[in-house]
Amino acid sequence: MPIKIKWQMSHNPNFNPVVSEGETVTDKQRDYCVKVNAILPDGETPGTTYFYRFLTGNHSSETGRTHTLPDQRVNKIKLAVMSCSKYTAGFFHVYKEIANRDDIDLVLHLGDYIYEFGMGVFGDEDAKALNREVVPRYELNSLEDYRQRYAQHKSDPDSQAMLARHPLISIWDDHEISNDAWRLGAVNHSTDGSEGTFENRKKNAIKAYFEWMPIREPASDNSFIHRSFQIGDLVDLHMLDTRLIGRDQQLSYSNYTGLKTKQKPVHILNKTPKQFDSKQFHQDLLEPNRSILGANQEMWLERRLKTTNATWTVLGQQVMLAPQRWSVTKDLIEQESSEDSQELNMAMQKQTIKPELTKNLDAWDGYPVARSRLYDMVAEHKKKLITLSGDTHFSSAHNLVTASGRFIGAEFGTTSVTSPSFWDDVKINKIELEKRQLDFNEGMQFLHLRNRGYLVVEIDHEKAVGKWHLIDDVKTENYKVWLEQTLVLEGSKKDGLI
Ligand SMILES: [Fe+2]
């Protein structure tokens, strides 16, 4: 049955006076979600804070707060950046922290807002004790499945508090659909037909996403989430889709070794290089048309870079852009391996992990030609670039440098809200590994593997400052939060982060 909903906006939390109001209808077709493209009356100033609420019968919703984007001169902006919020893995302390901060202008969620997994797959060992088991308990596939999972996330009090307090800009990553998705499939989607077609699953996932997430529905094709936000003369923010719309299938090291391996940051264990068909691998990796954005999105981005001229260009996107290799050897082992990390520890003991085989092929490292095209585009249009990325479940920062050695900007990587890191179960000296990685990876300026948390990016016309806030425990109600790292990118500097 359709339900009539009244909405109101005001400059004041007591809604006196109401600035704009209207009526809308929702029904089962959109899972009883409500989305309003509110029109403000003439005379309202851009860059204003509003309170909003929904009314039906005698009921009123909680009051939400949002801001309109400023135009013209903007002196500074503060973004809170996050990714990877697995419900079963712990409490959304990050959301609570951000809800309690009054100084945030915009919240960016870079994807893995939900996970499609059923119980017993990843990061849910303590879910029962924490009363955070997911519904449905099985892997999502139907529209109803995805809807139920979003409804559960939206019922979380910390999630509600954050969304009531700040405007959210979101993009999906793979887990909003299925693990390691690309444009025509996913690692976690069977090709034997037992899970139906990927196209159908994607359609279900996307419909639920547009119902439940605060994102405008494109007029025609709702598979588009790449879009731009102009924050006055300070920031052109371009949110990208590196996941679904144009991504070619990930390469898999296992196809070049004859081995079946799980998708891990360290993919090939116990293998000597001669067993690896390096020539074929590199031929495929460097195939000129190989794309992570797709040709149309690349052209769209190039047009945006050409036609926008704010002080900073910020790319909000899902996966790590900067190159990264791992240097892991047996001297880092701290104790006998746990079951989960046995394979890795055995490989470390034998010192057989080859750094050249540790690229994350699901990140931009798996699409190096597309990355070079992006770097060259940024260099050509003389942009001061900041890229924001998630997905890794650890914190990092990199200088970004073109193949010809030109510094074009920096990447700030946020850790996860709750999702465990691959490194959590690996019994090695992580502090030493972090240090070693900085020496080993040219351009890497910061790495912290040990905690969940979020990133705040403060931008003014002179500089962009990244602040990594970490949390000691997401599995206890009480927790500590601290500022782990601050890095500054000065707009006038030509050689990197300080
Ligand atoms: Fe994730």
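This report walks through a few spots in the predicted model.

## Ground rules

This is a predicted model, with local features needing pLDDT of at least 70 and side-chain atom pairs counting only at pLDDT 80 or more, while totals for chains, interfaces and linings use all residues. Residues are numbered from 1 along each chain as its sequence is written, and side-chain values use heavy atoms, with hydrogens and water left out.

## Where α2 meets α3

Let's start with two helices (DSSP runs of H or I, at least four residues, numbered from the N terminus; strands are runs of E, at least two). Helix α2 covers residues 143–155 and helix α3 covers residues 157–165; their axes come within 5 Å and cross at roughly 80°. That makes α2 roughly perpendicular to α3, a label that takes in angles of 65 to 115 degrees. Axes here are lines fitted to C-alpha atoms, for helices over the stretch in contact, and angles run from 0 to 180 degrees between N-to-C directions.

Which residues of α2 and α3 meet? On the α2 side they are H153, K154 and S155, and on the α3 side P157, S159, Q160 and L163; contact means heavy atoms within 4.5 Å. By type, the residues of this contact split into two nonpolar, four polar and one charged. Ala, Val, Leu, Ile, Met, Phe, Trp, Tyr, Cys and Pro count as nonpolar, Asp, Glu, Lys and Arg as charged, and the others, Gly among them, as polar.

## R165 and R65

R165 lies in helix α3 and counts as partly exposed, at 30% relative accessibility. R65 sits in strand β5 (residues 64–67) and is buried, with a relative accessible area of 12%. For the record, buried means under 20% relative accessible area, exposed over 50%, and partly exposed in between (1.4 Å probe, protein chains only).

Not counting residues up to four places away in sequence, R165 touches R65, A99, R101 and D102. A polar atom of the R165 side chain lies 3.4 Å from the backbone oxygen of A99. The R65 side chain, in turn, reaches the backbone oxygen of R165 at 3.0 Å, and a polar contact of 3.2 Å joins the side chains of R65 and D102. A polar contact is a pair of N or O atoms within 3.5 Å; within protein, one must be able to donate a hydrogen and the other to accept it, and residues adjacent in sequence count only if both atoms are side-chain atoms.

## Helix α8 and its cover

Helix α8 (residues 368–380) has 13 residues, which at 1.5 Å a residue should span 18 Å, and its end C-alpha atoms are 18 Å apart, which agrees. The expected span is 1.5 Å times one less than the number of residues. Buried residues in α8 include A370, L374, M377 and V378. Among the elements covering the buried residues of α8 are α5 (278–285), α6 (295–307) and β13 (312–316). Just after α8, K382 takes a positive phi of about 55°.

E298 lies in helix α6 and is buried, with a relative accessible area of 12%. Leaving aside neighbours within four places in sequence, E298 is in contact with S291, L293, A370, R373 and M377.

## A buried loop serine

S178 lies in the loop between β8 (168–170) and β9 (181–182). Is S178 buried or exposed? S178 is buried, with a relative accessible area of 0%. Not counting residues up to four places away in sequence, S178 touches E116, A186, N188, H189 and R201.

Definitions and conventions
Parallel < 35°, antiparallel > 145°, perpendicular 65-115°, else oblique.
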